[in-house]
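The exercises below are meant to be worked with the sequence and the coordinates side by side. Try each task before reading its solution.

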Amino acid sequence: MNLDDRVEKMIENYLQYGRPSEVARIRSAYAFALEAHRDQFRADGEPYITHPLAVAEIVIDIQLDADSVIAALLHDTVEDTPVTYDDIKEKFGEAVADIVDGMTKLERIPYSSKAEQEVENLRKMLLAMSKDIRVILIKLADRLHNIRTLDAKPEAKRREIALETMDVYSPIAHRLGITKIKWELEDRALKYLDPIGYDEIVSALESTSGTREDMIGSIKACLSARFEELGLKNIYIEGRVKHIYSIYRKMFMQNKTIDEVYDLYAVRVIVDTKEECYNILGIIHDMYKPIPGRFKDYISTPKPNLYQSLHTTLIGRMGIPFEVQI
Ligand code: MN
């Protein structure tokens, strides 16, 4: 897709949730960034503007506000071009200038040690340093695009960025509950850190990919038919296949085969109240046979990031286990 089409698509996606009155500012920020980076190129030979544009697209994907989209478009201008804090403040306001400034400062924090304690301190520092959480969110989007395009970098650099992503950025995404970004960061980092382990899992998943989609589809269909039969309303069901890095952790760190990863397939059932969660659990245990010892009540005992739900593992068609999260 050419740049102009991408900009139009970006605006269209922003308007799915954002304010039409902000569109002119977003367009103007794009024009400003295009001009500021006009003579620069990425390691892959693409015009530099493709990077801030991609970061803005990710920021829109997680539905951040217009100032965040604008700051994403401008995030590398102070670091890499003659543009100053005051230029941005004057044209796009103090909030945007402060976000860009926060991102520029994060860029200068060195990451060197592998010691867990220091990494933990770094994480805390990153979170504390940004008075505005949007700085961290856009930084995550920035890192995501950088790791998507990491092939263009030299070998040593790839490893460094992949390690830093695993040690610092994925835990931050986890704590902030931005699961979609966390999963992609981890899967892409793993590909550089252990390409052989990564390939092993990808081929195992590919060999059963037809079965997998079928299996999730049929579980979802059975559940919604049953809920309808019982007159239950406003229940949202979604299915997913576990992401690669979390399969990897179970296989290589807990020494399991891929068949022993019980939550390879998971279905999530979302309801409105706590009571309904327990009610749905009873219904599902009546439909499928639960595996003993696999039930977890994160409602009565939430995870450290405050995640609350009920998890249970059941035996599905052809004896394949799947997890349900309610
Ligand atoms: Mn950047």
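**Exercise 1.** In which sense do strand 3 and strand 5 pair, and over how many bridges? Then extend the analysis to the other partners of strand 5.

*Solution.* Keep in mind throughout that this is a predicted model.

Step 1. Strand 3, residues 289–290, pairs with strand 5 in the antiparallel sense, and two bridges connect them. In this pairing, P290 is the residue that stands opposite L314 of strand 5.

Step 2. Turn next to strand 4, residues 296–297, which runs antiparallel to strand 5 and is joined to it by two bridges; here D297 stands opposite L310 of strand 5.

Step 3. Strand 6, residues 321–325, is likewise antiparallel to strand 5, with five bridges between them, and H311 faces Q325 of strand 6. Five residues lie between the strands of this hairpin, and M318 takes a positive phi near 55°.

Step 4. Finally, consider the accessibility of strand 5 itself, which spans residues 310–315: five of its six residues are buried, so that each of these five has under 20% relative accessible area.

**Exercise 2.** Identify the protein donors of the manganese ion, and determine how they are spaced in sequence.

*Solution.* Step 1. The donor atoms come from H51 (NE2), H75 (NE2), D76 (OD) and D142 (OD), and they lie 2.2 to 2.4 Å from the manganese ion.

Step 1. Written along the sequence, the spacing of these donor residues is H-x23-H-D-x65-D.

Step 2. H75 counts as buried because its relative accessibility is 2%, and D142 is buried because its relative accessible area is 3%.

**Exercise 3.** Which residues of the largest nonpolar core touch the most other members, and which residues does I26 touch?

*Solution.* Step 1. The largest nonpolar core contains 90 residues, of which I26, L73, L74, L223, V269 and I284 touch the most other members. Helix 9 supplies the largest share of this core, with eight residues.

Step 1. For I26, set aside residues up to four places away in sequence; the residues that I26 then touches are M10, I11, Y14, A66, V69, I70 and L73.

Notes:
Residues are numbered from 1 along each chain as its sequence is written. This is a predicted model: local features need pLDDT of at least 70, side-chain atom pairs count only at pLDDT 80 or more; totals for chains, interfaces and linings use all residues. Side-chain values use heavy atoms; hydrogens and water are left out. Buried means under 20% relative accessible area, exposed over 50%, partly exposed in between (1.4 Å probe, protein chains only). Helices (H or I, at least four residues) and strands (E, at least two) are DSSP runs, numbered from the N terminus. Two strands pair if DSSP finds at least two bridges between them. Donors are N, O and S atoms within 2.8 Å of the metal (3.2 Å for Na, K and Ca); water is not among the atoms, so sites may look incomplete. A nonpolar core is a set of buried Ala, Val, Leu, Ile, Met, Phe, Trp, Tyr and Cys residues joined through side-chain atoms within 4.5 Å. Contact means heavy atoms within 4.5 Å.
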